[in-house]
Amino acid sequence: MPDSGQFAAESLLIPSRATIAVLGPGGVGGLLAALLSRAGHRVICLAREETVCPLRQDGIRVRSRQFGDFTGAVEANTVLREPVDLCLVTVKNTALGAALDRIPPQWLTDGVLLPLLNGVEHTDALRAGYGDERVVPAVVRVESARTAPGVIRHGSPFVEIDLVGRQEQLAPLAELLTGAGVATRVLPDERQVLWAKLAFLAPFALLTTRHRLPIGGIRSERRDELTALVEETVAVSRACGGQTAVSEVLQRYDAFPADSKSSMQRDAEAGHALELDAIGGAVLRAAERHGIRVPLTTRLVTELAAGIALPRHGRDSPA
């Protein structure tokens, strides 16, 4: 993670009606693709063939607490074959390496890559493949799930994105996202932004998956454990440059709908690979570097790595 923590290009030009690729139209990517299409942008979803066909035929159908029910018309392909102004990377960390083959770097010569992944360690790999001048570090906060190819259930009453860079530089991108209904901020410090997200996400993911409960059950039945885990992740976050307070994280959990599930929990339910290393593993590695004891995080990661999670059932593909 570079010291500057900022998008490296001198200027960012995005047309008012942009051509946007979305790598991974699942819970997050599918929702954003549909919102951007509804706002008048041309959207090309990049996915496996079994997903491409229904997207071409039916578009992306969204059921949302915030936006209501609507369908976004999108194009779809297995690989990017033309230049785009913007490419959202919304795949799972577990699939990132193979998925990037769908985005040949020559089609991003004048565009930017916006990674909206869990964890804090993916930006260096993306910069190595596409260049500092193409990658805009960012995080997304939303609870959204793909229930079938091209079918999205958006459960949270918000969609929020934080971009890292200079306000004057990233204003066009922030305006594009805000115009599609996504509450977007531009913040200057990459470590602060990424670690603020992970300090919130790690307890949510680890506890909901381990105990087979949505956030409402965790905050009511296991409040002490939740608080203790947040104290650990916030301590690691602050050592890494984050500035999140324990009270802020707990307040955000309390604002979530009680039936909200983490993406890791939905992955466990569906029998998919867990982003355990990108989320819990990243906390453990940072804790070791800074000499911080995190016994509860360690135990939960160990138990989940040993397979103590939800049995397989259902087809949810998480946000």
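This is a predicted model: local features need pLDDT of at least 70, side-chain atom pairs count only at pLDDT 80 or more; totals for chains, interfaces and linings use all residues.
Residues are numbered from 1 along each chain as its sequence is written, and side-chain values use heavy atoms, with hydrogens and water left out.

Helix α8 covers residues 223-239, 17 residues in total. Helices here are DSSP runs of H or I with at least four residues, strands are E runs of at least two, and both are numbered from the N terminus. From its first C-alpha to its last, α8 reaches 24 Å, close to the 24 Å expected at 1.5 Å a residue; the expected span is 1.5 Å times one less than the number of residues.

The buried residues of α8 are E225, L226, L229, V230, E232, T233, V234, V236 and S237. Buried means under 20% relative accessible area, exposed over 50%, and partly exposed in between, with a 1.4 Å probe and protein chains only. These buried residues pack against five helices: α6 (190-211), α7 (215-221), α9 (246-255), α11 (276-290) and α12 (295-305). Contact here means heavy atoms within 4.5 Å. Just after α8, G241 has a positive phi of about 110 degrees.

One joins R127 to E190, with the closest N and O atoms 2.7 Å apart. R127 counts as buried because its relative accessibility is 8%, and E190 counts as buried because its value is 0%.

E303 and R210 form another salt bridge, again with 2.7 Å between the closest N and O atoms. This pair connects helix α12, which holds E303, with helix α6, which holds R210, across 93 residues. E303 is buried, with a relative accessible area of 18%, whereas R210 at 22% counts as partly exposed.

R266 and E143 meet in a salt bridge at 2.7 Å, N to O. R266 lies in helix α10 (residues 263-270) and E143 in the loop between β8 (138-141) and β9 (144-148), 123 residues apart. Both R266 and E143 are buried. Finally, R141, E160, D162, R185 and R252 are linked in a network of salt bridges.

Technical notes: A salt bridge is a side-chain nitrogen of Lys or Arg within 4 Å of a carboxyl oxygen of Asp or Glu.
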